[in-house]
Amino acid sequence: MNMAASPMRAAPPIDEAFYSDVLQGLHREQKSLPCKYLYDETGSRLFERICELGDYYVTRTEAAIFEQHLPEMAHCIGPRAVIVEPGAGNCEKVRPLLESLENPAAYIPIDISPEILLAARADIEHRLPGLPVEAAVGDFTCMEAWPTADGTAGLRQVIFFPGSTIGNFDPQQARALLAHFRSRLKRGDGLLIGTDLVKDSVVLERAYHDSAHVTADFNKNLLARINRELDADFDLSLFAHRSFYHPLRQRVEMHLVSLKSHCVSIGGERIAFREGETIHTENSHKYSLAGFAELLRDTGFSPLAHWSDAKQHYAVHYAQA
Ligand code: AVI
């Protein structure tokens with residue numbers, strides 16, 4: 001991994017970008033914070049625990065779909081493919097896919113964290129010796145160019161985007177991201193993507209308000225992070241986790257509710273909270289099979305196949321560019 005040569009924009013130092021995003025978000029009429037800030041080290045560990053919860057069906061349902069349908073997915077992808085994984089993280093999900101592909105040509109993980117990428121690359125190289133891995137550090141939503149692996153020009157590229165990550169983008173952003181993916185691909189390339197599906201609101205609300213309160217800790221950690229990194233004095237006991245399904249918007253919203261009127265100081269700037277006022281911290285959009293196929297078509301893809309579980313809680317789609 002050559003960080004200096006990584007084809008990414010020079011990011012401003014995280015504390016400045018974080019500080020200005022936080023202040024901007026908290027000065028809005030409906031206070032909000034970008035959900036990407038939920039994932040510092042503590043937040044990432046809490047999210048891993050969420051993925052193991054009985055109430056959070058998303059991760060295990062997707063894993064079961066992959067386990068059951070990998071041969072069909074591998075057949076769609078075909079031999080000698082280059083797999084590109086934006087937001088790869090620890091690369092855990094891609095491993096079984098790479099192992100089931102016919103002679104994959106290269107694997108290109110992209111992630112904001114160089115430490116995570118280094119460890120993941122070592123793991124993939126150990127398990128799949130001989131597979132070229134070209135890791136790139138950067139924010140995949142705004143990278144101007146993606147890395148390429150030597151000797152793979154002209155081969156089929158397939159973007160792998162599991163985990164229902166697309167659900168955390170608002171509809172317009174999701175459309176822009178899929179169009180951005182499409183612009184990186186040539187005709188005949190592919191996209192293998194996971195989406196959480198619209199379902200009974202009881203199931204959804206339990207998944208985002210689990211009985212072990214891990215999601216509440218995950219949500220509140222954002223305030224703890226702001227305290228740690230931006231010299232703020234949020235009193236976590238004055239905020240409560242709230243999440244609910246919004247059927248018209250087809251999304252679960254996550255908020256932090258202020259339990260009483262009070263002021264918080266962030267790097268010397270004072271922000272007032274009314275009792276009951278909320279900070280909107282995350283949207284998790286749910287799709288219908290037809291709605292997502294339409295979005296794929298609108299962004300220049302041809303949906304070719306999808307796989308779902310018996311309860312139709314989750315789907316993995318393969319679409320061709
Ligand atoms: C990462 N993402 C797909 C999760 C979701 O389900 O939207 C994040 C999450 N937030 C609360 N629980 C899980």
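**Salt bridges, buried polar residues and a ligand shell**

Student: Let's start with R249: what is its relative accessible area?

Tutor: R249 has a relative accessible area of 47%, and therefore counts as partly exposed. Please keep in mind throughout that this is a predicted model.

Student: Which residue does R249 meet in a salt bridge?

Tutor: The partner is E253, and the separation between the side chains, taken from N to O, is 3.8 Å. The salt bridge cut-off is 4 Å, and the R249 and E253 pair at 3.8 Å is inside it.

Student: How many salt bridges does the structure hold?

Tutor: There are 14 salt bridges in the structure. As background, side chains of opposite charge can pair when their charged atoms come close.

Student: What is the N to O separation for R175 and D298?

Tutor: The side chains of R175 and D298 form a salt bridge with an N to O separation of 3.1 Å. R175 belongs to helix α6 (residues 171-184) and D298 to helix α9 (residues 289-298), so this pair ties together parts that are 123 residues apart in sequence. R175 is partly exposed at a relative accessible area of 39%, and D298 is likewise partly exposed, at 45%.

Student: What about D196 and K199, buried or exposed?

Tutor: Both D196 and K199 are buried, and they form a salt bridge in which the closest N and O atoms are 2.8 Å apart. Elsewhere, K31, R274 and E277 are linked in a network of salt bridges.

Student: You mentioned D196. Which residues does H285 touch?

Tutor: Leaving out residues up to four places away in sequence, H285 touches G167, F169, D170, P171, D196, R249, Q250 and R251, so that list brings back two of the salt bridge residues we have discussed, D196 and R249. H285 itself lies in strand β10 and counts as buried, because its relative accessibility is 4%.

Student: Where does the side chain of H285 make a polar contact?

Tutor: The side chain of H285 makes a polar contact, at 3.3 Å, with the side chain of D170.

Student: Switching to the ligand: which residues come nearest?

Tutor: There are 13 residues around the ligand, and those that come nearest are Y56, N168, Y208, E282 and S284. Looking at side-chain N or O atoms, Y56 has one 2.5 Å from an oxygen atom of the ligand, S284 has one 2.6 Å from a ligand oxygen, and E282 has one 2.7 Å from a nitrogen atom of the ligand. The ligand taken alone exposes 340 Å², of which the protein buries 96%.

Student: Since α8 came up, what about N219, buried or exposed?

Tutor: N219 is placed in helix α8 and is buried, with a relative accessible area of 0%.

Student: What are the polar contacts of its side chain, then?

Tutor: A polar atom of the N219 side chain lies 2.9 Å from the backbone oxygen of H255, and a polar contact of 2.8 Å joins the N219 side chain to that of T281. Apart from neighbours within four places in sequence, N219 is in contact with L38, H241, M254, H255, L256 and T281.

Student: Last topic, backbone angles: what is phi of N103?

Tutor: Phi of N103 is near 50°, which is a positive value in a residue other than glycine. N103 is in the loop between α4 (94-100) and β2 (106-111) and is partly exposed, at 48% relative accessible area. Q312, also not a glycine, has a positive phi of about 55°; it is found in the loop between β11 (302-308) and β12 (314-320), and at 42% relative accessibility Q312 counts as partly exposed.

Note on methods
Residues numbered from 1 in each chain as written. Predicted model: local features only at pLDDT ≥ 70, side-chain atom pairs only at ≥ 80, totals over all residues. Heavy atoms only, no water. Near = heavy atom within 4 Å. Polar contact = N/O pair within 3.5 Å; in protein donor to acceptor, adjacent residues only side chain to side chain. Areas by Shrake-Rupley, 256 points an atom, 1.4 Å probe, with all protein chains shown as cover. Helix = DSSP H or I, 4+ residues; strand = E, 2+ residues; numbered from the N terminus. Buried < 20%, exposed > 50% of the residue type's maximum accessible area, 1.4 Å probe, protein only. Contact = heavy atoms within 4.5 Å.
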